[in-house]
Amino acid sequence: MKFGVCYYPEHWPEARWPEDARLMREAGLTYVRIAEFAWHLMEPEEGRFTWGWLDRAIETLAAEGLRVILGTPTAAPPVWLAHAHPEILPVDAEGRVRHYGTRRHYCPNSPIYREHTARIVRALAERYGEHPAIVGWQIDNEFGCHDTARCYCRACAQAFRGWLERRYGSLDALNAAWGNIFWGQIYTAWEQIGPPLLTVAEPNPSHALDYWRFSSDQYVAYQQLQLDLLRAVVPPSHFITHNFMGSFTELDYHRLAEPLDFASWDSYPTGYAERSADAFYAPGEPRPAHAYDTGDPYVTGFCHDLVRGMKQAPFWVMEQQTGTINWGRYNPAPRPGTPRLWAWHAALSDADTLIYFRWRAGRYGAEQHHAGLLQHDGSPDVGYGELLALQEELPQLAALSEAPLAVEVALLLDYEDLWALELQPQREGFTALRHLFVFYRALQQLGIPVDIVSPAADLSRYRLVVAPTLFMGGEERTSQLGAYAAQGGTVIMGIRSGFKTPSNLVAGTLPGSLAALIGAEVIAWHALPPGEGYRLITAIPELKGPATVWAEALAPQLGRATVLATYPDGPLAGKAASVSHVVGRGRVLYLGWYPTQAQAQSLLTYLADKIPLRRLAESLPEGLIAGRRGDRTVLINFTEGTLEAQIESQVIAVPARDLVTLIQD
Amino acid sequence: MKFGVCYYPEHWPEARWPEDARLMREAGLTYVRIAEFAWHLMEPEEGRFTWGWLDRAIETLAAEGLRVILGTPTAAPPVWLAHAHPEILPVDAEGRVRHYGTRRHYCPNSPIYREHTARIVRALAERYGEHPAIVGWQIDNEFGCHDTARCYCRACAQAFRGWLERRYGSLDALNAAWGNIFWGQIYTAWEQIGPPLLTVAEPNPSHALDYWRFSSDQYVAYQQLQLDLLRAVVPPSHFITHNFMGSFTELDYHRLAEPLDFASWDSYPTGYAERSADAFYAPGEPRPAHAYDTGDPYVTGFCHDLVRGMKQAPFWVMEQQTGTINWGRYNPAPRPGTPRLWAWHAALSDADTLIYFRWRAGRYGAEQHHAGLLQHDGSPDVGYGELLALQEELPQLAALSEAPLAVEVALLLDYEDLWALELQPQREGFTALRHLFVFYRALQQLGIPVDIVSPAADLSRYRLVVAPTLFMGGEERTSQLGAYAAQGGTVIMGIRSGFKTPSNLVAGTLPGSLAALIGAEVIAWHALPPGEGYRLITAIPELKGPATVWAEALAPQLGRATVLATYPDGPLAGKAASVSHVVGRGRVLYLGWYPTQAQAQSLLTYLADKIPLRRLAESLPEGLIAGRRGDRTVLINFTEGTLEAQIESQVIAVPARDLVTLIQD
Amino acid sequence: MKFGVCYYPEHWPEARWPEDARLMREAGLTYVRIAEFAWHLMEPEEGRFTWGWLDRAIETLAAEGLRVILGTPTAAPPVWLAHAHPEILPVDAEGRVRHYGTRRHYCPNSPIYREHTARIVRALAERYGEHPAIVGWQIDNEFGCHDTARCYCRACAQAFRGWLERRYGSLDALNAAWGNIFWGQIYTAWEQIGPPLLTVAEPNPSHALDYWRFSSDQYVAYQQLQLDLLRAVVPPSHFITHNFMGSFTELDYHRLAEPLDFASWDSYPTGYAERSADAFYAPGEPRPAHAYDTGDPYVTGFCHDLVRGMKQAPFWVMEQQTGTINWGRYNPAPRPGTPRLWAWHAALSDADTLIYFRWRAGRYGAEQHHAGLLQHDGSPDVGYGELLALQEELPQLAALSEAPLAVEVALLLDYEDLWALELQPQREGFTALRHLFVFYRALQQLGIPVDIVSPAADLSRYRLVVAPTLFMGGEERTSQLGAYAAQGGTVIMGIRSGFKTPSNLVAGTLPGSLAALIGAEVIAWHALPPGEGYRLITAIPELKGPATVWAEALAPQLGRATVLATYPDGPLAGKAASVSHVVGRGRVLYLGWYPTQAQAQSLLTYLADKIPLRRLAESLPEGLIAGRRGDRTVLINFTEGTLEAQIESQVIAVPARDLVTLIQD
């Protein structure tokens, strides 16, 4: 495992650079990411390039043996460009132009912006492609940040029509795919179609879903534009990546990650605990009390496992929190020692490299209250001390990193399913991400590692595939999962799966073609308001408590599926609530209600015994993260009290904010 | 009582239509409503009509003996029309154009849209006016839905000026009526006047009220345009109606209902419990726990009694919920058996006909999660089963429907009063609708049936008129109510009555001309924040507890009014809180505070004994709806426990989710 | 102390005016403010003036000996003007034009509006400047009300660029001052700069702060335009003032007050308790229960002391609540007797004059539910009675007013600091105003009078200066406060001071140049979420409890500062939390955490003994306001129970809603 830092030499006097570089080396850093917001400095007016400062910055870093990652600076179009070409500015969902002065003030569909992008990226690549200190590239910065995933400008409307023509071929096909017969909104000319902007009622969900797909595709294309330019110039040894925002779901990260050399993400545990946890926990659901100054380790872990799953491969943390941030609600300082736990957690999750954000706290703009490894005045901050202390553990971290990480379980996350359900949640508080997170936490409590992957990923390497909500079914998915099960795999499928076709229409008889996998039909689905539940009788003794949130009644196909749970009374009395279906050498289990974490844990325990799956514990206490790589088991305690876990008949006490490594005999 | 269903043949293969028609007949349905969103299919481009599909759909239904209601399709302008004439699109209260792609994307003031409306309505009427299967017409669909009651486009601004010229004659009159001397906003030319759009402070309430009146009038005019076209073509035997949205208050339903043959409304009890109940209950006020899967029977009943009161005549439910809907918060499935209770409740309320929405759950657009009588795949859903089971009770329902419904009490609802108070609530949480609902629930608990009517309705048929807030007084109202009382009627008037003139200015000495009716002046009015109250001493022993929310001090005119309640201490110490005033052979009682439901019930009990009024019970338990038609008394229990009621010395137990019919000897 | 009233003769028939004037005289009123919304009546079309009505109104008042204050009518541009010149209309922060029809529909930067302003103000001054009944002028009305402090129109953008050129001289200086290197947003031409409007991310805080400064400056300039016009025409004996809105913070009231003859404000205690108290109390912080119908006396007092501090001189209440208002949440009526307490509270606070708002409740527009001294119908309302009763106490009030008010403590409020912290609160719930208010209440509980003044005010008259958050430091402030301390003054400084430079960049080593005053550096700052705190050990025995909300670690400069408090454990273990530093003959105390009111009170008690300061009590009960002028001590009880206070070894019981005056032997 290696370390690095994000650095903005342009913010500081050149005379300071050598000292910065020296301090970086002394802290054991390998990489420095620079330049991702420095377009203006590279090209202060159109076509006039000024590389001197960057040449010197790179040389200064190289002189201390540091290796440089260059960011293409397209997340921050210069003012001169935006002012001269206001048509590059994005338009929001209310039709308002969004202005320059901060960052991300561009529409990725703008032909003009693509021209300017090509010029600066090519120039940068040509200037530094052969520089020996450069090892890799970050394209742009955090695509979609600040609500920029979807733009509603004229260029987008135009591009959307082209995208639709390519997808559907004819207006008849589009009208059928979108169900435009509903409310009589049949299109008779392509130019009638635009973004779903300020419609009188909620827009047609098929229209909206395609707009979200289109918007995501445009970022994929915009990234590809830069990828092609870079690959044409820089040596093949240079890596190219993009820094994802972990739990951000408005772009299809699977498609964005596909052409990259590896995936990376920006990890701010306390910020995610304050700002993103709402997306993971249901309203009113209890959250870890210790999260305020450590982050929520389940949220952090989910993002690690999601980013690793993007390419089913090791990944980088391109920005790693090192102190207080500025975009949370309360922005508490991380508890001393927590950065160490974060590093171990990342290593346990197969992160290759951690790049700290940022080298020195900045004096300018929006991030003035954001900590760095150094303070504003250049003196070491707590983060720098944490980093120095970590150097003693580098051998252990390296040993851990080199050991294999064995993952037997996949959790399926499909961005388009998330979007389709966001467009039509039907029950307030239900989201596909929360449903995934229930299973994720249950797996974590059992010490079962998991890859969070696309349904289209290679599933053959897993013994269990958990697919809480495959909202859109279709033949392709059915045969894919069927083939996986037929080869001996186990699949857990959950509520609301197969409800929709890929163009976001209801499938007909539910759950559409997935019925063949499940061996049952869904004959009723009931949303349940908070506080209401239906009693259950189950064949799995540990699986207790009522069905809440959402309950489905299943009709097993005769002689095919075994009933695992039934509603004894209530509106669905006598109907099956869960079935198990043998498919080839494997099996598919359908859970017809929204499980609590305890129910998910019971179900997984039952299956872990049956399949079987390796698991580290019966049930880890909350706040204790446990994982194994090779012969090493690591237990990390994110709480302020000692926690105990029973690992293979051995009871281990892990001190507060500390970790224990067990090495197998 | 008859039944029917809403059907969208255009959503399904033509080959299926005969089976649908057969299943409808087998379920005992009489009516089928069709075509209200099918403009595009009737006229896929301007002036080219395609009637074949509709001819065949009607024939298929007619072949099974079904009778057809045609909807004019103007709620869904085709895309080709909206795209060619963007000036028909509505503009919202922030000045933004609202786009097509869903429905209701038109401004009723648009001259162009009125032309197109005339063409399609005339063509439809001419095509089917003589068709033997057609029995009636629904104009447009749910005027005002999706926040379309008020448009702020240029055509509206223009039309508003004309409306004002006709109303006021001169600018001087308008300036006086609106009190434009306030803040010196005198208009000196008609073209200076526009909608109250994005004013710096809250707009002048006289200006705003007139804009709301104007907006409502424009829908009345737009409906009349269609009415005139239809009446000119279709046989007189055909009925013409519109489907109202029960508790919706942004349009003057009394004026809209006036020219229709009968009123109808769209009843979704669980949806209203989730979405409209906020308008009926005050923040924090307890609501029926059982409402989540049965709807709130008081809200449902209020709407029935309001729609019946629109024309003081039987009415239709044009859309009746049959299962899960898609526009609530949690969208629970109706508890099994509830559709039966809804049908009985409607029959008890003098609904003639129930049209279920919709025949088959749809696969397209916004309503994909909305249940029908059939499932998405065409198999029967729970709703169809409920309907079949109901057929056994048809004789009893018919007998009930044929018996007379005797109503002795009117509750006055004036839309303009609601608007004026919405514009100036003065105390957060106060609305005229909530004030009405307090009295409504109190009447329901006593088993006293009530018509909710306009103050301009024929009141002579009632023994008691309850007018909680006649905010705008004026001579006309005073003499109308005075005449009613003089003939022996009893009137309850409540707080904030007569505060305003019809142009929404303060009346002067309060309550303006209504003082003559009340026999007292209102010399002080105090808003009370939550938790605060003034003690009361009353002459009605059961009327207990303090005055909360709003308290007025009354000065009875010497020798005219009797004091019924007094404030013994506090800021209004010694002042009268309620007075009773003899007017001719009748009397007017003024209640000077906002009553709790219990207080309203005590007052009504006192008056019911005095007048006297027939009432079924001392106090019905919550969730038990009781009513009588002729010699039949029906008790409907919407809760999950057995409820008991004492009906004329007889204690009746009504099982959970069941009903009991008593027939008088 | 004198009294007056705000009067709108134009709202009432001319025949009534003499009676109004007589009733005013009988109630002992001296002043009448008129005409501030009457532009249209003075000039019903451009250039045509109609003074007759105003001549007669003034004569009628003068005939009863009343003295008249004229308002310049520019807060209400006539419709004819706004319609003819829509470019004068303000634009909101979303870029939308805000329309006429209410008031304040103008941009103070509009050259056209300035021309029209000059014409009407000059004409008014020339007409009435020599009139013997006129004694003074109010310019415009409540600058900034209805969210008009900041406009985003083209004229503003243009003027902003000029303002920036004058401030910074060059683009290089501006780019440096704003830190535009951040995210590469360097400006290369002046015309690229505009208001911070709809930026993609939160705007650059340096850019935004300058826009807020600019916006405030434009009102200062707009006021100066009117001041210059008036001073050129009216006699020097006429006063000129503006009516401020107490706690409103979007304009720099110190700069606005500077050129005025005296400051005045509009005091609506119940309205402020309902609407402004959120700005003073933190979310969840308990508030006085009695405030609902008396107002919050700490909020009212804060505003009095702030307005007095504006010019370190007596002030007026230009609008004084007299009954129910219309812009609160619940708008309760003031408890009987409260207007008397308000008058005494104002007198105790050195208010010269109280002008009641308004004479008679209005029938028109937005304020129809707003009480006056008379009711809508012209009969006396409660307020008139309260005023008559007050006449008996006029001698005592006069005696109090004539006695000197000795103030030894200054609380520093800087509007730019408030803005900079509002732009970057960093911890949700933290505002500089709340921080000030904690100290303010603590001072009130001790009966220590305080001037709330600008840091630039003359501080030499005070023995203690409390500066909770001087967010922006700089050499000027440092030397100013240093000089004050050197002369023997005591300064309390608090958290987040000196964090920023005047252009809103981080200062570097914290707290920048203020470190010289404090004798320490701030080496860490931790935001603490609700419920979290760090233990403290302090040298001041009464100062108990943990540090909450925000905690800083201090590094005292060797041998210079004395440590007053330390963190014994937790993340800042061993670090100083508070230091005291001798500066010349005085001292500076730095408190490194956000104090509770109790902590602030303990600290102030400790210093009051040490300095020493006069204080009336150890701790007054909540709701009891105590103050001394000369030999008179007044205790005012705003609660509904008797309260006791120990004043110099004497225990005084003050009855509910009453007051006690003690006269020193």
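How many residue pairs are in polar contact between chain B and chain C? The count is 22, with both residues at pLDDT 80 or more; a polar contact here is a pair of N or O atoms within 3.5 Å, where within protein one must be able to donate a hydrogen and the other to accept it, and residues adjacent in sequence count only if both atoms are side-chain atoms. Keep in mind that this is a predicted model, in which local features need pLDDT of at least 70, side-chain atom pairs count only at pLDDT 80 or more, and totals for chains, interfaces and linings use all residues. Residues are numbered from 1 along each chain as its sequence is written, chains are lettered from A and ligands numbered from 1 in the order in which they are written, and side-chain values use heavy atoms, with hydrogens and water left out.

**How the copies are arranged**

**Chain B against chain C**
- Chain B puts 44 residues into the contact and chain C puts in 48, contact meaning heavy atoms within 4.5 Å.
- Together they bury about 4300 Å², and carbon and sulfur atoms give 59% of that (buried area is the accessible area, with a 1.4 Å probe, that two parts lose on being put together, summed over both).
- Two salt bridges turn up across this interface, a salt bridge being a side-chain nitrogen of Lys or Arg within 4 Å of a carboxyl oxygen of Asp or Glu.
- One of them pairs B:Glu428 with C:Arg329, with the closest N and O atoms 2.6 Å apart.

**Chain A against chain C**
- Here chain A brings 48 residues and chain C brings 44.
- The buried area is about 4300 Å², 59% of it on carbon and sulfur atoms.
- On the chain A side, A:Thr102, A:Tyr330 and A:His369 lose the most area to chain C, together 18% of what that side buries.
- Two salt bridges cross this interface as well, including A:Arg329 with C:Glu428 at 2.6 Å, N to O.
- Polar contacts link 22 residue pairs across the interface of chain A and chain C, both residues at pLDDT 80 or more.
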